[in-house]
Amino acid sequence: MRLSAKLFHILLPLIIIGCKREQRVFDPGSTGATPAGATVLNEVSAGQPPTQKAPLAYQQSAYTVAEGKRLYEAYNCVGCHAQGGGAIGPALMDSVWIYGSSLEQIHSTIVQGRPNGMPSFAGKIPDYQVWEIAAYVRSMSGLLPSDVAPSRSDHMQASLPESARQKEHPEQENQQPVEGPKQ
Amino acid sequence: MAERDLAQRRLLDVSPLPSVTFATRSITWWGTLGMMVIEGSVFALALAAYFYLHSRADTWPPGVLPPELFWGTLNTAIFLLSVIPTEWYRRRARRGDTTSVQIGMILSILFGLTIIFVRYKEMLHLNTDWTQTAYGSIVWLIMGLHITHLITDWVDSVVLTALFFSPHVEGKRFVDAEENASYWYFVVITWIPIYLVIYWAPRWLRS
Amino acid sequence: MSDQRAQLVLETEPAESAEIRAERLARVWTEPSGFLGWFRAVHHTTIGKRYIVTAFIFFLAAGLLAGAMRLQLAFPEAHIMGPDLYNQIFTMHGSVMMFLFAVPMMFEGLSVYLVPLMVGTRNIAFPRLNAYSYYLYVFGGVTLFAFFFVNSGPDRGWFAYVPLSGPDYAPGKRADIWAQLITFTEVSALAVAVEIVVTAFKLRAPGMSLNRIPIFVWGQVVTAFMVIFAMPGVVIASTMLLLDRTASTQFYNPAVGGDVLLYQHLFWWFGHPEVYIIFLPGTAIVSTIVATFSRRHVFGYLALVLSLIATGFIAFGLWVHHMFATGIPQMSESFFTAASMMIAIPAGTQIFCWIATVATGKIVLKSPMLWVLGFFFVFIIGGMTGIFVASVPVDLQVHDTYFVVAHFHYVLIGGAVFPLFGALAYWFPKITGRMLSETLGVWSFWLFAIGFNITFFPMHILGLRGMPRRVYTYPAGAGWTVLNQIESCGYILLFLGVLLFLLNVWHSLQRGAVAPANPWGAGGLEWATSSPPVPYNFLDLPTVNGREALWDAAPDQPVVVGLHEDTREILTTRLLDAEPEGRDEFPAPSIWPFVAAVVTTILFIGSIFRPVAVSIGAIPLAIALIGWFWPTRRESARRRERDVWQKET
Amino acid sequence: MIAFLSDVPGFSGPQTPLEPAGPQALQIEHTLLLIFWITAVVTVIVFAVLTIGVLRRRVGGAGLPPPLPVDPKTERRTTWIVGGAIGVTVVLLFVMMISSFIASHRTAALAASSTMTINVYGHEWWWEIEYPNEAEPYRIVRTANEIHVPAGTVIDIHGTSRDVIHSFWAPNIHGKKDLLPGYWNDLTLEVDKPGTWRGQCAEFCGLQHAHMAFQIVAQSRDDFDKWFSSQLNPAPDPQTPQTIHGREVFLTHPCVMCHTIRGTTASSTVGPDLTHIASRTTIAAGTLVNNTGNLTGWIANAQSIKPGCRMPPNPMPASDLNDLVAYLETLR
């Protein structure tokens with residue numbers, strides 16, 4: 001009895017981790033799907049409670065991070081940031097974070113745009129996809145656990161796969177106040 | 001026929017049979033042979049994969065020069081030399097000659113040590129790593145497979161040698177010694193095609 | 001070596017009474033008791049029983065998963081489950097049935113339990129390896145289900161084609177877990193393969209020359225050889241997949257010289273023989289049961305053995321017929337068509353021999369024979385549809401449709417599961433010492449047979465109506481609905497049939513009639529000992545005088561004496577003519593195989609998350625293996641003084 | 001004989017190998033039916049022999065009779081019978097093998113006479129169709145999930161995959177051919193007469209493998225040429241205020257991140273080209289009939305229809321949605 005209880009306490013976190021890592025949420029609900037930075041007016045599907053926990057969940061699911069990686073290319077982030085090495089835009093796989101390294105900060109960087117070239121994607125990308133991209137961006141500098149970050153992809157190898165990267169501890173973060181996620 | 005009871009049963013008396021048997025008469029020998037066949041086919045398929053990937057490539061080796069020959073060739077030579085002490089203690093094992101087996105096994109362990117060291121240098125001087133191209137991956141896979149066998153058999157020899165210096169010297173030990181020798185031959189024999197594929201195939205298939 | 005030969009003598013008067021000897025043998029051979037004892041067991045009957053029970057549990061689990069699929073497919077555009085769950089379920093169903101049920105049951109379970117008895121020896125060769133392989137198999141299966149329950153079940157199909165299962169398109173750990181499950185099961189299958197070959201080659205009773213080996217043993221030996229040559233294919237394929245995913249190698253990455261078809265070649269090099277690895281034990285069972293219940297030697301022993309071997313060879317010549325649609329050159333297409341058609345010849349030969357046996361014997365319709373007759377009707381249909389998929393142009397139409405699903409369920413359930421139930425009904429008395437109820441047996445047979453055909457026959461039609469495989473749902477207008485619903489109903493009967501079989505087992509374990517040593521009046525050596533067999537299998541090791549040892553035994557058939565009975569000593573004989581040529585002492589029970597299996601499991605699972613776990617785990621594994629092989633002082637001393645050295649010749 | 005099985009109700013339809021609409025499918029059906037009849041007859045005979053054998057040799061009673069002694073005479077006679085049976089098997093197998101060789105050869109032979117190439121790219125989970133044009137590269141037609149072909153013309157389907165392995169299969173016209181990353185595969189096909197046939201992905205390709213269908217629309221030469229030239233045009237400018245606003249919605253919403261509408265600034269190639277979406281009969285890779293209701297529902301929440309597909313849900317005010325759909329429906 002006691003043993004099984006102990007076992008349960010050991011297994012439970014493992015189970016939760018496992019479940020989270022493999023979570024695949026296809027329909028984020030209307031709030032999650034509303035383009036970030038756009039106003040929510042919605043008669044099509046009943047709104048769902050705003051997901052405050054969203055940021056964490058997005059960093060814990062290998063699927064959402066992989067989706068982020070796919071969108072990073074589909075939405076042509078590669079065009080400026082390359083595979084993270086940076087080109088026109090700053091590198092994303094190093095420890096330098098001009099506008100902050102937290103998921104929320106990256107989210108608002110994408111949504112609001114930043115001076116000197118980073119366009120605002122407000123209204124263009126569903127909110128949940130912004131979170132996915134933000135989560136992937138964090139994985140590029142090894143800030144996500146290796147069993148969540150993507151492995152190598154099926155093209156020329158620019159660098160080590162995200163899952164194998166050393167953690168780049170964010171430094172010289174600009175501490176300017178940055179607004180958190182929408183709703 | 002547990003239940004049969006006749007006044008006078010015919011019996012097959014097997015008590016004269018030997019209990020220390022070698023080669024095809026020893027069960028261990030057949031077991032080892034089975035393992036060799038399995039691992040042999042793994043090697044064969046890995047090499048087949050190498051040539052399949054070559055058939056799919058336009059340039060070979062892709063983007064790199066063939067590996068330099070020195071360390072690999074050196075190792076092949078040592079491999080071939082190591083057969084001498086091995087064969088010696090294998091024959092002595094048949095006669096139950098403890099001292100010779102002890103000496104022979106220590107010699108072969110030293111050989112093994114040298115080979116593992118040279119193998120390490122080999123890896124350092126390989127012409128590719130496994131993350132760049134499929135060529136690199138298959139080369140490292142084949143090497144890795146062989147190193148695994150190398151180290152396994154070496155540890156095996158060490159343990160067996162230890163047994164030969166313990167109070168556990170008995171008929172079975174000498175059978176084990178012979179098996180150990182034949183397994184070492186397997187490691188040596190498999191190395192030869194691997195050596196040719198890793199070091200010479202890129203030169204012959206150069207394009 | 002003349003003085004080292006076994007000689008025939010006449011027993012003047014028994015040296016010791018059978019009771020004393022039996023008591024002594026029992027003391028030496030009885031499995032250790034108690035909680036720890038359970039993990040130290042090494043006798044083939046113990047391990048074999050565990051294999052059979054475990055594999056059957058996995059069979060039930062995978063069967064329930066099939067039920068979930070039938071439920072989802074009973075309605076078009078159903079939302080009972082989403083694609084994510086459905087893909088996990090159909091992948092689990094396939095993988096569990098193939099790797100955790102079919103091979104472990106048909107090959108490992110049955111052969112580990114029966115082969116040593118059938119060749120008349122006291123234990124299987126390499127008993128500790130046998131225990132180790134069993135634990136590895138269990139841990140592999142349990143791990144798979146554990147991950148499935150935390151939503152990490154593999155979802156890429158039991159074949160896990162790249163790049164769909166590769167690092168770029170299969171995020172998370174699901175595909176890695178599949179690859180490691182393969183590693184678990186292949187290691188245990190390979191280990192058993194070696195044990196079976198050596199047992200059948202070296203431990204046969206005196207007189208059981210090659211041409212007297214029971215066909216069941218032949219079947220399992222050929223299967224073992226196929227395992228030995230086929231499994232390395234999937235070893236390499238799944239290792240490369242795992243390396244691609246965890247160590248970012250490039251085997252399957254077309255962008256840098258990798259190739260996606262390489263995986264398919266390697267996988268089917270294993271995957272096609274795999275089908276025969278599952279089917280050959282089935283034919284071996286059929287040959288045995290047909291002979292017993294036709295009350296005659298099976299017709300065409302030589303033909304049967306040769307077709308087993310031929311199947312074993314040809315099976316390696318047709319892996320590409322799973323890849324006809326990948327655009328391979330027409331030349332090799334023709335070759336593989338020819339090979340695929342050719343393999344119908346040995347299969348046909350076997351069928352004809354069995355029919356001949358039936359048609360010239362005296363048939364007793366007990367439930368084992370019923371299952372075998374069921375096998376004929378189901379398997380022949382499956383074999384015939386096999387010709388459709390062997391023909392390239394037709395295969396291009398039916399490949400990856402429900403026609404193929406129907407085909408391989410007819411060959412695999414027909415060729416393996418029907419004989420398996422026959423085998424369980426046939427050997428149940430030997431294994432448990434209780435008889436099964438005939439009535440319940442007959443009922444479960446008919447439920448199963450009818451349910452099976454209702455479930456799977458319509459799939460032929462669905463396939464020809466264009467329904468592809470592995471779809472989690474289908475449009476309402478496609479005209480597939482009614483047939484799918486019929487199939488789903490058939491599943492219920494199938495399920496009841498299995499349930500009734502379980503009820504039968506449970507009931508007879510409670511209060512079944514006690515089984516005599518040889519309830520079917522059969523001819524195999526396994527029937528020479530008591531039911532269930534004594535811990536040492538035979539009081540007197542038997543000698544053999546014909547293919548059906550008990551039927552052909554001379555009235556004064558000699559028995560073997562002169563082995564030490566205070567240790568686990570067994571008799572080794574020569575490969576060809578089974579002439580006695582040596583005595584060997586088998587290892588005693590040990591906890592180390594279990595420990596080694598635990599360590600191996602941790603190593604395998606760890607390597608999914610941290611590749612370095614392989615090198616770290618190697619150290620405790622080495623320690624466990626050393627403990628495994630390290631003898632005790634007493635053993636060594638005893639053996640040393642008894643050692644009789646082989647005379648050099 | 002060929003007529004028989006095809007006319008069995010249920011073996012006809014837009015997606016079955018047993019209602020051939022082209023020479024290859026017909027060729028294959030011949031072989032299929034030949035094998036069917038041979039195996040059917042053999043099966044019946046074997047079953048009969050087996051059943052008779054069992055019934056004739058059955059012994060009742062609970063006890064088991066002692067094993068029969070082997071009688072050399074019966075054995076010899078049986079050997080002849082079994083040998084004969086094996087002989088017949090070999091002959092029949094040979095017949096079926098030759099017939100399938102012939103079928104392979106004939107279907108392959110057609111490739112030589114192909115006069116038109118269509119590129120097919122498999123995507124998770126839709127088909128990108130491209131009509132290449134070396135002579136005038138600016139006159140390339142790109143569409144999705146709907147292949148228009150002129151009837152009676154031999155066409156070379158030249159296919160590969162953009163991600164995982166897919167398999168191109170339109171059973172009424174020809175067998176399947178895999179689309180593999182890193183390979184280009186060719187499938188020759190010819191449709192006899194105008195009509196619409198359904199095809200579907202036959203290689204498991206992930207979450208939405210079940211919803212990855214396409215249409216083959218065979219047209220008379222003139223109809224095809226008309227269709228082709230209309231496909232070459234860019235999207236017409238919207239006329240009504242509603243459709244003008246609809247285009248506005250399209251260009252200011254996530255739609256523009258993935259789709260192309262030639263003639264507007266939308267030019268992303270992640271999703272299907274929508275320049276002539278309204279001219280297609282289905283949407284979402286053959287999942288839904290292309291009508292106002294379905295299109296609206298699909299845009300609003302594709303994930304509820306095709307869970308896991310790449311199209312995100314697009315919650316937006318109903319008015320915007322209606323205008324957007326109205327605009328899309330002008331794109332014929």
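**Entry 1: ground rules**

I noted that the model is predicted: local features need pLDDT of at least 70, side-chain atom pairs count only at pLDDT 80 or more, and totals for chains, interfaces and linings use all residues. Residues are numbered from 1 along each chain as its sequence is written, and chains are lettered from A and ligands numbered from 1 in the order in which they are written.

**Entry 2: chains C and D**

I looked up which chains share the most contacts. Of the five pairs of chains in contact, it is C and D. Two residues are in contact if their C-beta atoms, placed from the backbone, lie within 7 Å. On that count, 74 residues of chain C touch 69 residues of chain D.

I then listed the elements of chain C that give two or more residues to this side; among them are helix H4 (83-119), helix H8 (260-293), helix H12 (367-390) and helix H15 (438-464). Helices (H or I, at least four residues) and strands (E, at least two) are DSSP runs, numbered from the N terminus. H11(C) gives the largest share, ten residues.

By class, I found 43 nonpolar, 22 polar and nine charged residues on the side of chain C that touches chain D. Here Ala, Val, Leu, Ile, Met, Phe, Trp, Tyr, Cys and Pro count as nonpolar, Asp, Glu, Lys and Arg as charged, and the others, Gly among them, as polar.

For chains B and D I found no contact, and their closest C-alpha atoms lie 10 Å apart.

**Entry 3: H11(C) and its partners**

I followed H11(C) across to chain D. Its axis and that of helix H2 (residues 23-57) of chain D are 8 Å apart, at an angle of about 25°. Axes are lines fitted to C-alpha atoms, for helices over the stretch in contact, and angles run from 0 to 180 degrees between N-to-C directions. H11(C) and H2(D) are therefore roughly parallel. Angles under 35 degrees count as roughly parallel, over 145 as roughly antiparallel, 65 to 115 as roughly perpendicular and the rest as oblique.

The crossing of H11(C) and H2(D) is left-handed; that is, the near helix is turned anticlockwise from the far one by less than a right angle, and clockwise would be right-handed. From H11(C), Ile355(C), Val358(C) and Ala359(C) meet residues of H2(D) including Val49(D), Leu50(D) and Arg57(D). This contact has six nonpolar, one polar and one charged residues.

Within chain C, H11(C) packs on H12(C) at about 160°, with the axes 11 Å apart. The two helices are therefore roughly antiparallel, and H11(C) passes H12(C) in a left-handed crossing. Ala344(C), Ala347(C) and Ile351(C) of H11(C) make the contact with Ile380(C), Gly383(C), Gly386(C) and Ile387(C) of H12(C). I counted no charged residues there, but five nonpolar and two polar.

**Entry 4: two sheets in chain D**

I traced an open sheet of five strands in the order S3-S2-S1-S5-S8, with mixed pairing. Two strands pair if DSSP finds at least two bridges between them. Strand S3 (141-144) and strand S8 (185-189) are the edges, and the twist averages 25° from one strand to the next. S1(D) and strand S5 (residues 155-161) of chain D run parallel, joined by seven bridges; Met116(D) has Ile155(D) as its bridge partner.

The open sheet of three strands has the order S4-S10-S9, also with mixed pairing. Strand S4 (146-150) and strand S9 (195-200) each have a single partner strand, so one side of each is left without a neighbour in the sheet. S9(D) pairs antiparallel with strand S10 (residues 213-219) over six bridges. Helix H4 (residues 221-232) of chain D lies across S4 and S10, at about 135° to S4(D).

**Entry 5: two residues**

I found Thr117(D) in strand S1 (residues 116-123) of chain D. Thr117(D) is partly exposed, because 15 other C-beta atoms lie within 10 Å. A residue is buried if 20 or more other C-beta atoms lie within 10 Å of its own, exposed if 12 or fewer, and partly exposed in between; C-beta atoms are placed from the backbone. Leaving aside neighbours within four places in sequence, Thr117(D) touches Pro132(D), Asp156(D) and His158(D).

Glu585(C) is in strand S5 (residues 580-585) of chain C. Glu585(C) is also partly exposed, with 18 other C-beta atoms within 10 Å.
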